[in-house]
Amino acid sequence: MEFGQLPQVDAASVPSDALVLDVREDDEWAAGRAEGALHIPMSEFVGRLGELTERAGEGERVYVVCRVGGRSAQVTQYLRQQGVDAVNVDGGMLAWEAAGRPLTADAESAYVL
């Protein structure tokens, strides 16, 4: 899949009030995520697309994130094909954490980012 034309943004540049879509699996999500992010695992994404369209305002930009950026790039490309203003968060949650962005996690999670 070609991502050359795919819009990307650095994790440090994502607005604090942005709609962040996290497409990681449940164990990754539990380990640490952006506060207020919408969680729809990539493996369930097409069937749950309505959850995103209900949450996103008309023309609202969606910032798509996974662990390092590969899965989110695929979902970003799909969303753009559906007419959604989506951008891939370059470097994923690893870059998010490295940029010092706030994270929240489930207390019982033993998984590490």
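1. Three bridges join S1 (residues 8–10) and S5, and the two strands run parallel. Within that pairing, Asp 10 sits across from Asp 90 of S5. Keep in mind that this is a predicted model.

2. S5 also pairs with S4 (residues 62–65), again in the parallel sense and over three bridges. Here Val 62 has Ala 86 in S5 as its bridge partner.

3. Is S5 enclosed or open? Four of its five residues (86–90) are buried, so the strand is largely enclosed by the rest of the structure.

4. On to the charges: the whole structure has seven salt bridges. One of them links Glu 28 and Arg 71, with the closest N and O atoms 2.9 Å apart. Glu 28 belongs to helix H1 (residues 26–31) and Arg 71 to H3, so this pair ties together parts 43 residues apart in sequence. Glu 28 is buried at 7% relative accessible area, while Arg 71 counts as partly exposed at 24%.

5. Glu 44, Arg 48 and Glu 51 form a salt-bridge network. For Glu 44 and Arg 48, the closest N and O atoms are 2.5 Å apart. Both ends are partly exposed, with Glu 44 at 35% relative accessible area and Arg 48 at 23%.

6. Last one: Arg 80 forms a salt bridge with Asp 85, the closest N and O atoms being 3.8 Å apart. Arg 80 is partly exposed at 39%, and Asp 85 is partly exposed at 25%.

Conventions
Residues are numbered from 1 along each chain as its sequence is written. This is a predicted model: local features need pLDDT of at least 70, side-chain atom pairs count only at pLDDT 80 or more; totals for chains, interfaces and linings use all residues. Side-chain values use heavy atoms; hydrogens and water are left out. Buried means under 20% relative accessible area, exposed over 50%, partly exposed in between (1.4 Å probe, protein chains only). Two strands pair if DSSP finds at least two bridges between them. A salt bridge is a side-chain nitrogen of Lys or Arg within 4 Å of a carboxyl oxygen of Asp or Glu.
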